[in-house]
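Visitor: Could you walk me through this one while I have it open? I'd like to talk about helix packing and then the ligand.

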Amino acid sequence: MSKQVVLVTGGSGGIGKAICMYLQQKGFIVYGTTRKVEKYKDFSDFNLISLDVHNVESIKSAVLSIVKKEGRIDILINNAGIGITGPVEETPEEAIDKVFNTNFKGPLRMIQEVLPVMRSQNSGLIINITSIAGYMGLPFRAFYSASKGALEVVVEGLRMETKQFGVKVVNLAPGDYATNIADSRYTVSASKDSVYKESYQMSLDLMNAHVDSGRNPNEVAKKIFKIIKTKNPKVHYTVGSFMQKFSIFLKKILPNNTFERLLLRHYKL
Ligand SMILES: NC(=O)c1ccc[n+]([C@@H]2O[C@H](COP(=O)([O-])OP(=O)(O)OC[C@H]3O[C@@H](n4cnc5c(N)ncnc54)[C@H](OP(=O)(O)O)[C@@H]3O)[C@@H](O)[C@H]2O)c1
């Protein structure tokens with residue numbers, strides 16, 4: 001069988017880079033992406049091409065260049081994403097737009113450009129990197145949770161539409177992994193006299209500690225490889241610590257108020 005062609009958005013660092021390195025090593029033809037391609041002139045670990053998920057023209061041109069060169073795209077991994085923190089009451093509308101533009105509309109723009117290619121092949125696999133945070137509204141991260149949760153739900157519908165064309169669509173929700181996501185995060189700064197100042201700061205400290213002590217992103221890459229090798233992949237996958245994955249199960253089985261109390265205790269609120 002010829003080598004499969006994979007496109008991974010956000011291949012310059014963190015989870016995306018780990019996926020690209022791993023799949024390249026496993027014999028795939030890998031295209032990772034970055035918005036700052038000039039920064040990576042000497043980069044040679046895998047193909048790194050220019051792409052901004054906010055910009056349809058840049059998506060079209062990246063997809064076209066791969067199809068011209070390889071003749072196909074077998075797998076799309078929607079990995080590019082950003083974090084956002086802030087009290088809901090104080091989060092500016094443009095910050096909400098930004099996080100949805102990247103985390104929700106970005107993957108959908110990618111899907112809309114890649115689907116015609118996959119339909120013409122009568123085969124393809126799309127994996128969206130969502131988040132365990134997308135399974136529950138988290139305090140001071142509610143918009144991040146919403147952007148990832150929205151994608152989880154759209155994919156449930158999309159998957160049934162594309163089945164007839166041999167295109168499989170899957171979500172993979174990670175827990176905490178040690179990457180640079182906290183540095184590029186949109187952090188709403190609480191106003192001087194904010195009523196949320198103390199509780200927000202405490203939650204921020206906890207979130208940063210979680211990312212810093214996060215697991216190795218290679219674990220996500222290995223899970224991706226496993227999903228690729230699965231004949232009939234299911235719609236929702238998770239990867240992370242036992243407790244992070246277990247929290248989804250707890251939310252399903254516990255009464256609402258009990259689960260909320262657990263979260264409040266966890267975030268010391
Ligand atoms: N780290 C975690 O604990 C964790 C947990 C759950 C889910 N996730 C999800 O995993 C994915 C990867 O996160 P990460 O932790 O690896 O973050 P990261 O280290 O900050 O990497 C983010 C990647 O996304 C790219 N990117 C950001 N905005 C983009 C845009 N507008 N267009 C194209 N590419 C863009 C960046 O590329 P350039 O800057 O080079 O363009 C970079 O390669 C995200 O979707 C994140 O939400 C992460």
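Visitor: What should I know about the model before we start?

Guide: This is a predicted model, in which local features need pLDDT of at least 70 and side-chain atom pairs count only at pLDDT 80 or more, while totals for chains, interfaces and linings use all residues. Residues are numbered from 1 along each chain as its sequence is written, and side-chain values use heavy atoms, with hydrogens and water left out.

Visitor: OK, α3 and α4: at what angle do they cross?

Guide: The axes of helix α3 (residues 93–121) and helix α4 (residues 142–162) cross at roughly 20 degrees and come within 8 Å. Axes here are lines fitted to C-alpha atoms, for helices over the stretch in contact, and angles run from 0 to 180 degrees between N-to-C directions; helices are DSSP runs of H or I with at least four residues, numbered from the N terminus. α3 and α4 are therefore roughly parallel to each other, a term for angles under 35 degrees.

Visitor: And which residues of α3 and α4 meet?

Guide: From α3, the residues include I96, F100, F104 and L115, and from α4 they include F143, Y144, L151 and T162, where contact means heavy atoms within 4.5 Å. By class, the contact of α3 with α4 has 15 nonpolar, three polar and one charged residues; Ala, Val, Leu, Ile, Met, Phe, Trp, Tyr, Cys and Pro count as nonpolar, Asp, Glu, Lys and Arg as charged, and the others, Gly among them, as polar.

Visitor: How do α2 and α3 cross?

Guide: The axes of helix α2 (residues 56–70) and α3 come within 10 Å and cross at roughly 30 degrees, which makes α2 roughly parallel to α3. The contact is made by V56, I59, K60, V63 and V67 of α2 together with R109, M110, E113, V114 and V117 of α3, and by class it has seven nonpolar, no polar and three charged residues.

Visitor: Switching to the ligand, which residues are closest?

Guide: The closest are S12, T34, N79, Y144 and T179, among 29 residues that surround the ligand, each having a heavy atom within 4 Å of it.

Visitor: What lies 2.7 Å from an oxygen atom of the ligand?

Guide: That is a polar side-chain atom of Y144, and Y144 is also one of the α4 residues that meet α3. An N or O atom in the side chain of T179 is 2.5 Å from an oxygen atom of the ligand, whereas for G10 a backbone N or O atom lies 3.4 Å from a ligand oxygen.

Definitions and conventions:
Helix = DSSP H or I, 4+ residues; strand = E, 2+ residues; numbered from the N terminus. Parallel < 35°, antiparallel > 145°, perpendicular 65-115°, else oblique. Polar contact = N/O pair within 3.5 Å; in protein donor to acceptor, adjacent residues only side chain to side chain.
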